[in-house]
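Reader: Got the model up. Can you walk me through the helices and the packing?
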Amino acid sequence: MRYIRNKITDLLFPRRCAICDKALIKDESGICPDCLKRIKYIEEPVCFKCGRPALNNKEYCDECEVTRHEFIGGRFVFPYDYIGASVYKFKYMNRPEYIAFYAKAIEERLGEFIRHIDPDGFIPVPIHKKRYIKRGYNQAEELSKELSKLTGIQTYNDLVLRIKDTVPQKKINKIERQINMKKAFIVKENSVKLRKIIVVDDIFTTGSTIDSLARELKKSGVEKIYFITITAAGT
Ligand SMILES: [Zn+2]
Ligand SMILES: [Zn+2]
């Protein structure tokens, strides 16, 4: 019965390719065979800090050489010019089915990075309640839960609360971003005693969101903070 119901749902609401959005005939990898042939990833060498491609084999990218971050380091999987439109649809045009593809790519490409960190848990960047009601889901939380299924590392999605409904980061400059993110989060009691965590989000922009979250997490006893995203702006 369930099988038949799933089949009917598939016919009425076919799953879509996470890259070109065409309906998938056979949903194996979350993208269509044409897109699979042309898939593009971030390649090494990357900046030790933010994971952006690092030129001339330098340890840090130009941005990270002059910026102090609260997190130790992070990585992402896809160049923005390749995956940006897909992430936009995922966020604003109700395509939660793309998550399976993103999570699988993260696990495949960054599995070693994650295992090396050996974190106590994933913490998705929370969205404000108002935004949650409007959108119906928090994209970072859904991604984090999918990653939990693949890695066995638990997602803690009710530890942090977003208390400020901030302006979307892409619309403002770097200084405005830092002001925008001031006191945007509060951490509820860290009763699970997490020491080492990976923050999960969809897009890394300047790092001010993750820095702001990391600052609060440190106050509640988290010592080491890393991040993982699908992509980063400007790549
Ligand atoms: Zn496609
Ligand atoms: Zn960097």
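This is a predicted model: local features need pLDDT of at least 70, side-chain atom pairs count only at pLDDT 80 or more; totals for chains, interfaces and linings use all residues.

Reader: What share of contacts between residues at least 6 apart join residues at least 24 apart in the protein chain?
Author: 73% of them.

Reader: How many helices and strands?
Author: Nine helices and six strands. Both are DSSP runs, numbered from the N terminus: helices are H or I with at least four residues, strands E with at least two.

Reader: Which residues of H7 are buried?
Author: Gln139, Ala140, Glu141, Glu142, Leu143, Ser144, Glu146 and Leu147. Buried takes 20 or more other C-beta atoms within 10 Å of a residue's own; 12 or fewer is exposed, in between is partly exposed, with C-beta atoms placed from the backbone.

Reader: What do they pack against?
Author: Helices H4 (80-92) and H5 (99-117), plus strands E2 (121-124) and E5 (196-204).

Reader: And what follows H7?
Author: Gly152, with a positive phi near 80 degrees.

Reader: Switching to H9. Why should it span 16 Å?
Author: Because H9 (residues 208-219) has 12 residues at 1.5 Å a residue. The expected span is 1.5 Å times one less than the residue count. The end C-alpha atoms of H9 are 17 Å apart, which agrees.

Reader: What comes after H9?
Author: H9 is followed by Gly221, phi positive, near 105 degrees.

Terms used. Residues are numbered from 1 along each chain as its sequence is written. Chains are lettered from A and ligands numbered from 1 in the order in which they are written. Two residues are in contact if their C-beta atoms, placed from the backbone, lie within 7 Å.
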